[in-house]
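Here is a short report on one protein model. Look over the sequence and the structure before you read on.

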Amino acid sequence: MSVVLVVVTNVKSLGVSVAVAKSLPPVDKFFMQVCPICGTPQRMMIRGLYVENGKSQLYPDTGYSFCNCRNIFFTKWENITAEAPNMYSDNYIQEYGSRLNSLQFPLMHLGGLFNHCNVGEILIITMRDPYFVIWTRPHEYTGFNPRTNYILWDMGSFVEECKKVGFTVISADRDMNVESKTPECYHITLRKS
Ligand SMILES: [Zn+2]
């Protein structure tokens, strides 16, 4: 059983109340990760996954935290080794639209995608879907790869971000096709109106 002790001290001379909470032992700073969207430190809760000789293995010290500001899982940016696409590519829409999980500033690039689209143009964004995590066996979910996936977004939360940058959301669907080329993903169809 964990014990939470709260001591409230009335500091009369300053005219303020100071509450001091003593609870679980502090987490080693290394295992705290700062949410890339809101800046709140969150403890690492799921170890990252890598594949060696066809077998899934877990990193001892690299993994994902959760933040409920946008319902996202995230790792530290320095864990990512996936190469960023070329900013000035002629295929900006194609390259960035399919790489949002791996980018350092996905919301900035979502705005970039909006700017690159012509009015009336349709854009389909595909992202890893943490909905497919089986919580009793989280390490079967291949999305927890801290070399590739920086932020894993809840579908509903990302739909809201798409609306914020100006897109009309036509549909948002989880990929339930067992023979899918994009398993454990969702697809959001957007139009620049
Ligand atoms: Zn946050």
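How many bridges pair S5 and S6, and in which sense? There are six, and the pairing is antiparallel.

## Ground rules

This is a predicted model: local features need pLDDT of at least 70, side-chain atom pairs count only at pLDDT 80 or more, and totals for chains, interfaces and linings use all residues. Residues are numbered from 1 along each chain as its sequence is written.

Helices (H or I, at least four residues) and strands (E, at least two) are DSSP runs, numbered from the N terminus. Two strands pair if DSSP finds at least two bridges between them.

## The four-stranded sheet

Four strands make an open sheet in the order S5-S6-S7-S9, and their pairing is antiparallel. Its edge strands are S5 (46-52) and S9 (151-153), each of which pairs on one side only. On average, neighbouring strands here are turned by 35° against each other, direction ignored. For such angles, axes are lines fitted to C-alpha atoms (for helices over the stretch in contact), and angles run from 0 to 180 degrees between N-to-C directions.

S5 and S6 form a hairpin with two residues between them. Valine 51 has serine 56 in S6 as its bridge partner. Further along, S6 (residues 55-67) pairs with S7 (residues 72-74) over three bridges, again antiparallel. There, cysteine 67 stands opposite isoleucine 72 in S7.

## Two asparagines with positive phi

Most residues other than glycine have a negative phi. Asparagine 53 has a positive one, near 50°. This residue is in the loop between S5 and S6. Is asparagine 53 buried or exposed? It is exposed, because 5 other C-beta atoms lie within 10 Å. The cut-offs are 20 or more other C-beta atoms within 10 Å for buried, 12 or fewer for exposed, and partly exposed in between, with C-beta atoms placed from the backbone.

Asparagine 71 also has a positive phi, near 55°. Its place is the loop between S6 and S7. With 16 C-beta neighbours inside 10 Å, asparagine 71 is partly exposed.

## Strands around S11

S8 (residues 122-128) and S11 (residues 185-191) run antiparallel and are joined by seven bridges. Isoleucine 125 faces isoleucine 188 of S11 as its opposite residue. S11 also pairs with S10 (residues 168-174), antiparallel, over six bridges. In that pair, arginine 174 stands opposite tyrosine 186 in S11.

## One face of H2

Which residues of H2 are buried? They are Pro106, His109, Leu110 and Leu113. Seen down the axis of H2, they fall within an arc of 110°, so they line one face of the helix. The arc is that of the directions from the helix axis to the C-beta atoms.

These buried residues pack against H1 (92-97), S8, S9 and H3. The face turned away from them carries the exposed residues Met108 and Asn115.

## The largest nonpolar core

A nonpolar core is a set of buried Ala, Val, Leu, Ile, Met, Phe, Trp, Tyr and Cys residues joined through C-beta atoms within 7 Å. The largest one has 29 residues, and Ile72, Phe74 and Met127 touch the most other members. S6, S7, H2 (106-116), S8, S9, H3 (155-165) and S11 each supply at least two residues. S11 gives the most, with four.

Leaving aside neighbours within four places in sequence, isoleucine 72 has contacts (C-beta atoms, placed from the backbone, within 7 Å) that include Ile37, Cys67 and Trp153.

Methods: Contact = placed C-beta atoms within 7 Å.
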